[in-house]
Every structure is written in structure tokens, then in C-alpha cells.
Amino acid sequence: MNIQPPIDFSEEAVGDSVQYLGRQVKRQDGNTDCSEKTARKRPTTATDDPLLPGKLRKIMPETEVLPIKNEQLMSEGFFITTGSKPLSERQVNLEIQPFDSRAEAIQMAARNLVGQFQFEAIEKSPTNEVKYAVFLECLKLDVENTLIRLNTTTSLNGAQKLLILLAAEEEEKQQNKRPLAEGYWILASIPLSIGFEKAKNLFQRLPETPSLPEVDNVINEQLTALRADNMLRDRLLEVRQPLKSENNELSRQLLCEVDNIEKKFIPKVGWNGRFSDAEDYRNFQIYARRLLYLYAACSGFSQQADIAELMSYIKSVLYIIEPNNNHPANIWHIAKELAYLSKQPGSIDYCRYISTLANCLKTPAPVALQFKKLKQLSDIKGFALLESKPLDKYLTVLRANIDKMAPEYSRVLLDAVDDLEKECAGISLPEGKPDIKAKVHRLLMIIAACKSSREIMATSLLEHFVTAIMEHGNKKNIPYLIAGLARLVQSTPKIQKILGEPVIKGGEHLRMAPLQWLAFVPNVLSEGDIEELCKSLQASSASRRKMKDGKVFHLWLATMEQAMASEVINKAMVMPILKKLTQSLTYEKLGWLYMVFSMGDRFNLFLDIMGFSCQKEGLPLLIAEKGADALVGVNKEFSQWLMKQRHHHLLPFYMASMIEEGNAAVINLTHQFIETSVNNTFVQSRQSPLHNPHLQAIYKKYPRLEAGWGANFRGFSEETRNKLLSEGETLKLTEDPWDLFISGLEVKSCLSPDALSFRSGLMSYVMDGRNAMIVIKNQKGNILSRSVIRMVLDQDDCPALLLEKGYPDKRNLLFIDAARDIADEMGLPLYHFVDAKTCTKGMIKLLEGRAPLDYFDAFPLLKERQKLTITDVQRDVR
């Protein structure tokens with residue numbers, strides 16, 4: 001681990017000597033000599049003392065010494081022992097030690113101790129300084145066991161433990177590219193007061209120079225997490241204490257917010273003062289933790305800061321909810337900006353955000369694929385436009401700063417601000433606030449794209465693109481169009497003139513489509529190539545008609561962006577591919593090219609398992625010319641079926657993943673899923689009792705199910721639809737193959753085809769006829785929420801229905817009214833998982849199903865094909 005044990009962690013001054021790694025070291029004229037006497041009597045065996053003189057020279061050449069990073073840890077005051085001087089002042093020099101530094105000796109001691117005694121090395125450490133290094137070594141063995149021992153050790157204080165925890169997190173980020181999981185922080189049990197002070201200190205030391213949040217080391221929210229074992233009132237007291245001790249205007253206003261949190265959650269605690277529902281507990285922990293975390297971010301606020309505005313930001317961010325009703329996993333990018341904003345006088349200034357984004361847009365392509373990282377001050381989740389101030393005040397500030405941010409294009413951009421204000425005036429609040437925020441965010445990105453320019457583009461040409469992007473209807477396309485605009489303003493005047501022609505046949509899609517080609521200029525495409533491609537696209541009436549289609553235009557943008565990042569396309573191939581596409585554009589060609597570009601060599605795994613063959617060399621060019629006909633063995637019915645599906649690229653991705661994981665049984669079921677979906681025999685196949693003992697038992701008493709769920713249910717009552725649906729939404733009991741396959745992606749659950757954890761259990765949802773889904777869809781047919789409903793056996797082996805929890809809300813009874821409609825029409829009893837407040841429990845059973853692995857939302861584990869008895873359920877009572 002590349003982290004040095006803190007200097008002076010455990011040296012103890014004894015008269016004219018110091019105790020160093022268990023030895024008495026005398027000082028002589030500013031230097032030190034090692035005495036033969038040791039401060040502790042220890043057996044002189046190689047197994048007990050890893051730093052015996054006779055062993056050092058033998059060990060050292062064979063051992064890698066890691067580079068040391070000590071600046072941060074040296075600055076911590078926690079580890080300096082009272083009465084000791086800094087090592088640099090004492091000039092300790094052990095003649096018997098062949099190491100280059102004292103830190104290396106400590107590191108070697110820790111490695112040898114852990115190598116011999118494993119976790120027992122913690123208690124055998126001769127000094128706290130060695131113990132620190134031992135903890136870091138133990139983290140390599142087992143993080144959880146190490147942190148349990150860190151929690152129970154009494155020789156280190158909370159601040160020292162915290163530094164070990166932060167070192168563990170640094171190691172986790174280097175090894176696995178992610179911070180330590182929340183559970184590990186809970187295990188370490190660092191007192192809130194210590195974590196809170198550390199968070200304040202880290203935020204106040206942040207640099208004020210613009211940078212993307214991912215570039216910096218994230219300050220973990222868990223620093224301000226509450227203990228998990230306290231009652232609610234104790235937790236509230238724990239939150240209030242640090243804010244009261246701060247005693248400033250911002251902390252006093254946040255204390256009022258603590259009162260609001262208390263009012264929200266007090267009614268949800270049980271007789272014992274604790275939460276009875278896990279979701280309520282989770283939400284409280286998030287609100288309390290984030291309130292203190294956001295205060296820590298602002299704790300260095302200047303005397304001239306606008307406290308009311310800071311409070312509005314904190315309150316808005318505190319209650320941010322993702323589209324799937326989950327709290328965002330990380331608000332670091334927002335907290336980082338708050339730390340900056342709090343140090344500035346007066347109101348918000350967009351200049352820093354614009355400068356940062358403009359610098360990002362100057363970087364090489366592909367930019368759009370990285371746009372999720374560009375979450376800065378104008379985050380569309382709620383940070384650009386807040387409840388405390390009306391839109392016109394933000395736009396007034398924006399107008400005042402445009403001359404500073406992009407003076408060459410101020411006329412075009414000021415016109416865009418005026419148009420935005422007029423458009424937003426007609427949007428009703430509060431329902432339309434997300435749309436207003438998204439438009440403000442879009443305008444800020446356009447300004448940043450203009451600021452990134454190398455050449456001064458004629459404003460008469462620029463305004464065509466600014467207007468087209470601001471008025472564009474598909475939000476998913478905006479990152480691609482912003483990246484394209486940035487490339488345009490950085491292009492040569494000739495290219496700007498070619499793309500900015502005042503008359504473009506085919507509408508705005510045809511104007512903006514060539515923007516994606518600019519990423520290939522000048523290394524792959526020349527100015528002449530761009531001109532030739534534009535003429536080719538304009539000359540083909542069929543391609544122009546296709547490009548007007550919103551689905552085709554979106555896939556064009558996404559496919560071109562993937563092509564820039566792909567390793568399966570070479571420079572010589574680019575121009576011929578683009579020429580073929582402009583002459584004969586189809587959605588199918590773009591779909592197959594997107595899969596080839598995004599999957600790379602993994603696409604060949606999919607082709608092989610499906611029994612398709614192709615000419616591997618130059619495949620993208622063949623697809624651009626022939627479409628699916630370039631893949632030998634792909635019938636038109638399969639290609640047409642696949643291209644009709646939303647997120648169709650995930651099927652090849654899923655199959656390639658199952659091949660890599662060696663899941664032959666899952667691959668076989670996926671084949672059946674594809675084959676029966678294409679030939680319209682899916683319901684018959686999944687309802688087949690063959691290889692499905694559970695359905696065999698069901699059919700003995702409820703043979704009607706063999707015809708499928710839809711054949712036994714006509715529809716939901718008007719009362720249920722009114723309860724569950726908003727305008728434009730539909731409620732369905734679905735056994736549609738693609739709904740079942742893709743639902744995890746659309747509700748962001750762990751059974752998404754591209755999830756890492758439980759995706760191998762997905763085929764139990766798709767191909768086992770004992771399962772169906774209740775779904776709410778929007779007007780586009782996308783699933784907004786869902787709940788699995790299962791045909792099970794009750795304790796008397798009679799068929800019954802079991803309702804799983806709903807997603808994305810994760811509430812057991814989200815779809816209870818819909819499930820009751822189904823149970824009534826099918827004439828079956830209904831069970832659902834037990835509400836934690838209820839003591840009455842029932843029992844249901846499942847026999848072996850069709851899939852090799854099954855998954856239950858109630859307990860997120862994969863279950864191998866087996867008989868199951870579940871007791872945490874109750875029969876529905878109305």
C-alpha cells in the first residue's frame with residue numbers, strides 16, 4: 001500500500017534516548033546509536049521479531065519497497081506523541097538498519113508480522129506506529145475482518161482509526177476504482193464528531209481551480225454518517241450537536257431543516273423508538289448524513305456569501321430524487337461546487353462552470369460518451385434553477401456574464417437567452433420545473449461549446465445551430481449535439497461554411513447530422529471529404545427521408561460516437577462506411593454497426609453462439625453496404641424482430657456475458673427466448689410443463705394457466721387505474737418477452753441485462769411461466785415501474801399468487817390493488833411479503849422451476865434450481 005505510517009506516531013522520549021521499534025536508541029551529539037538493551041524483553045527468534053539484525057539483510061533484497069506518500073499524513077496532528085520532536089530534528093540514524101528510511105523499516109516490520117501471524121499481528125505490534133502499518137497490510141487480506149478489529153481495538157483513538165479507514169478507501173479506489181462500501185464504514189464505527197471535523201477540513205482544503213469532480217479524490221459522504229444502533233431521537237440529537245457548536249447563521253438555518261426531518265420521520269418510528277420499516281430507516285440516514293455533509297462543504301463560507309442562496313442550494317440538493325425515485329448514489333460533484341460557491345461573495349456566477357466545461361469540450365473525441373461526468377454547477381437534477389429565486393434573476397446574471405464568457409458570440413447567445421425566457425414563461429409550475437432546468441442546462445452547455453472555439457465562426461452560421469439545438473425535442477441527443485457544436489466552432493472556416501449553408505434540404509436533422517463527422521477531422525477525414533459526404537447525403541432522397549425519423553437520427557448520432565471510440569474500425573474504412581450510409585441509410589444498418597462498434601471483439605462471441613458467420617475483416621464496411629445480409633445465417637425475421645426492440649443492443653451484450661461466465665444453461669434458455677419470440681410461440685414455450693416441476697404441480701389444480709397469464713385476465717378496473725396512473729400512462733399484466741427481458745434496465749434493478757450482480761437469474765423471469773409482471777408504461781412504451789407476480793403453492797399445495805415488491809420504489813404493496821384485481825378474476829388467494837409492522841405470517845412453496853437460477857426481489861439472492869419454502873409472507877386481507 002502506497003501510504004506511509006505517520007511519523008512520530010509512537011516514538012517515546014526517555015531521557016536522552018528514544019524508544020524506536022522496541023529498541024532503546026541513545027542520542028549522541030544530535031545523532032543516535034542503538035543500545036544493545038531493548039525497551040522490552042523479547043525472545044530473539046526469527047518468528048517473533050521480524051526486525052532482528054541478522055535477518056534484515058537477507059530479507060531486504062527480495063522484498064519490494066513501495067514508494068511513500070507522506071505529505072498528508074505528516075500534516076495530521078493526531079499521531080505526534082507528546083514530548084517528542086519531529087524526526088527531522090533528531091536525525092535518527094540506525095547503523096544496523098539497511099533500509100533507506102524509517103518508514104520502509106516500519107513497512108517491512110508490518111509485512112513480516114502479518115505474514116507470520118495474520119490478524120494476530122495487530123495485537124503483537126510493538127508500537128502504535130507499527131500497528132498502523134499492520135492494519136494497512138491486514139486490509140489486503142480481508143477488509144471486513146480488519147475493520148471489525150479496527151472497531152474493537154482500544155489502543156487507537158477515533159481520529160487515528162479514521163486515517164486508517166481513509167487509507168483503506170484509497171487502496172480500494174486504486175484496486176477496484178470505487179470507494180469503500182457503506183457497510184465497511186459502519187463496521188469501523190467512527191464517532192460522528194471526528195468524521196464531521198475531518199470532512200470540514202478536507203472541503204476547506206479543496207483547490208479553487210476549475211476541474212472535473214472525477215479528477216479529484218472524492219470526499220466520502222460516510223464521514224458524516226450516523227451510528228446505526230441508536231434510536232431516532234438519539235440520532236437527531238447527534239445531528240443537532242455539531243450544528244449548535246458551529247453557532248453561525250448557516251448552521252442555525254440548517255437546524256430548522258433538522259426540525260423538518262424530525263417532523264417527517266417521527267411518525268414512522270415504533271414503540272421502541274426505532275424505525276419499523278427498512279426504507280424509512282434508509283431515507284432518514286441519507287437525509288441526516290447529507291445535511292451534515294453539505295454543511296461541511298459550505299463550512300468555509302465567506303462573510304460576504306449569500307447565506308439564503310446557499311441554504312436554497314443545500315435544501316434542493318438534500319431532497320434530490322432520481323427519475324427512478326432513488327436517491328442519487330453520489331452528490332460529490334454538487335458538494336464540490338458548493339464548497340466553491342460558499343467562498344464567493346454575492347450570487348452565483350456561471351463563469352467557472354462554463355470555463356470548466358469549455359476546457360472539457362476541447363479534449364479529443366469521443367466527448368458525448370463522457371457527458372455523464374460533466375455534472376457541475378448546472379446539474380439538471382436540480383442544481384441550476386432552485387426554488388429560492390425565479391428564473392429571471394438567474395437569467396439576469398447569465399446575461400451579464402455572457403460578454404465575459406463568449407464575447408465573440410454574445411449577440412447569438414443573448415438572443416438564445418431571450419428565447420428561453422419566452423419559452424419558459426409558458427411552462428406551468430411546479431410540474432414544468434424539470435423541463436426549465438433541462439433547458440437552462442442545455443443553454444449553459446451551448447455557451448461552453450462556443451467558448452471552446454479556436455476560430456471565430458460567423459454568427460450568421462452559428463445561429464442556425466444554436467437555434468436548432470435549443471429547439472430539439474429529444475433530450476437524449478443533446479450531449480451528441482453539444483459535442484458536435486464544439487467541434488464545429490473549433491473547425492476551419494471552410495468546414496463551418498460547408499455545414500452552415502443557409503438552405504439544407506430535409507430539415508434540422510439533416511443540418512445537424514454531419515456534426516458527428518467532425519470528430520474524424522483532420523486525422524481521418526479532410527475538408528474535401530466532408531464536402532463530398534454532405535453532397536452525398538443531400539443527393540439521396542431516401543436517406544434524407546430516413547434521417548427525418550427521430551429513431552434513425554438518434555441511432556445515427558449514437559453510432560457515429562461509438563465509431564470514434566471503436567477499435568474495430570481503421571482509418572481507411574471510415575470514408576467508405578460513411579459514403580455507403582449517406583447513399584443508402586437504414587435503421588437496420590445503424591443498429592448492427594452500433595453493436596459492432598460498442599462490443600468490439602465480444603460481438604464475435606454473439607455471432608458464434610448464434611451460429612452466424614461473417615467476414616471478420618472489414619465487417620463494418622460490409623454491414624454499411626448490405627445490412628444484416630453481411631452476416632451469413634441471420635434471417636430477416638430475426639433481424640427485423642431485434643431492430644424493433646428498444647435497447648436492442650443489450651441482447652448480444654447479454655449473451656456474450658453469459659458465454660464469458662460459462663452459463664451454458666442460461667445460454668440455452670436465451671436461445672429459446674429468441675427463437676420463440678421471433679416465431680410467435682413464446683407464451684406456449686414458457687408455459688410448457690416440460691422440465692418445470694412447479695408448473696406440472698400447478699396444472700393439476702389450475703390447468704387454465706397453461707394458456708398463459710393474459711388468457712386468464714381481461715384487464716384492470718377503472719378504480720385501480722385511477723389510483724396508479726398519471727396522464728398518458730398504461731397499466732398492464734405483461735408476459736411480453738421483451739418487457740420481461742428489459743424491465744430491469746428501465747427500472748434500474750439488478751436484473752438488468754447489463755447489470756453485474758444477478759443478471760444470470762434474468763431468464764427465470766423471462767422463460768418460466770409461473771412468473772408475470774405488472775407494469776406501468778409511459779406513452780413511448782417504456783416501463784416506469786413494475787412488480788413481479790408469481791403463481792405459487794400455499795401450505796395445502798393449492799395454487800396461489802405471490803406479489804413481489806415494486807420497483808423502482810421498492811415498496812412491498814406498490815401494486816397491491818392491481819394484484820387484487822388479478823387474484824379476483826383468477827379466483828386465487830393472494831400473498832405478499834410481510835410488512836415489518838405485522839406479526840401474522842403465512843407460508844408458500846415453490847418447486848423446481850425451468851431456469852437454473854431464480855431471483856426474488858424480497859431477498860436479493862440468486863437461488864439455484866430447488867424447492868423453496870418462504871415464510872415471510874402473509875395472506876392478503878382487505
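A nonpolar core is taken here as a set of buried Ala, Val, Leu, Ile, Met, Phe, Trp, Tyr and Cys residues joined through side-chain atoms within 4.5 Å, where buried means under 20% relative accessible area (1.4 Å probe, protein chains only). The model is predicted: local features need pLDDT of at least 70, side-chain atom pairs count only at pLDDT 80 or more, and totals for chains, interfaces and linings use all residues. Residues are numbered from 1 along each chain as its sequence is written, and side-chain values use heavy atoms, without hydrogens and water.

The largest nonpolar core comprises 135 residues, with Trp592 and Phe673 making the most contacts inside it. Helix H19 (residues 433-451) contributes the most to this core, namely ten residues; helices are DSSP runs (H or I, at least four residues) numbered from the N terminus. A second, separate core of 80 residues includes Ala110, Ile219, Ile307 and Leu341.

Aromatic pairs (ring centres of Phe, Tyr and the six-membered ring of Trp within 6.5 Å; planes under 30 degrees apart stacked, over 60 edge-to-face, the rest tilted) number 22 in the structure. One of them, between Phe606 and Phe612, is edge-to-face, at 6.3 Å centre to centre and 80 degrees between the planes. Phe606 is buried, with a relative accessible area of 0%, and Phe612 is buried at 9%. Ring pairs link both residues into a cluster whose members include Trp592, Phe638, Trp641 and Phe673. Trp592 touches, among others, Phe603, Phe606, Ile623 and Leu631 (heavy atoms within 4.5 Å), not counting residues up to four places away in sequence.

Methods. Buried < 20%, exposed > 50% of the residue type's maximum accessible area, 1.4 Å probe, protein only. Helix = DSSP H or I, 4+ residues; strand = E, 2+ residues; numbered from the N terminus.
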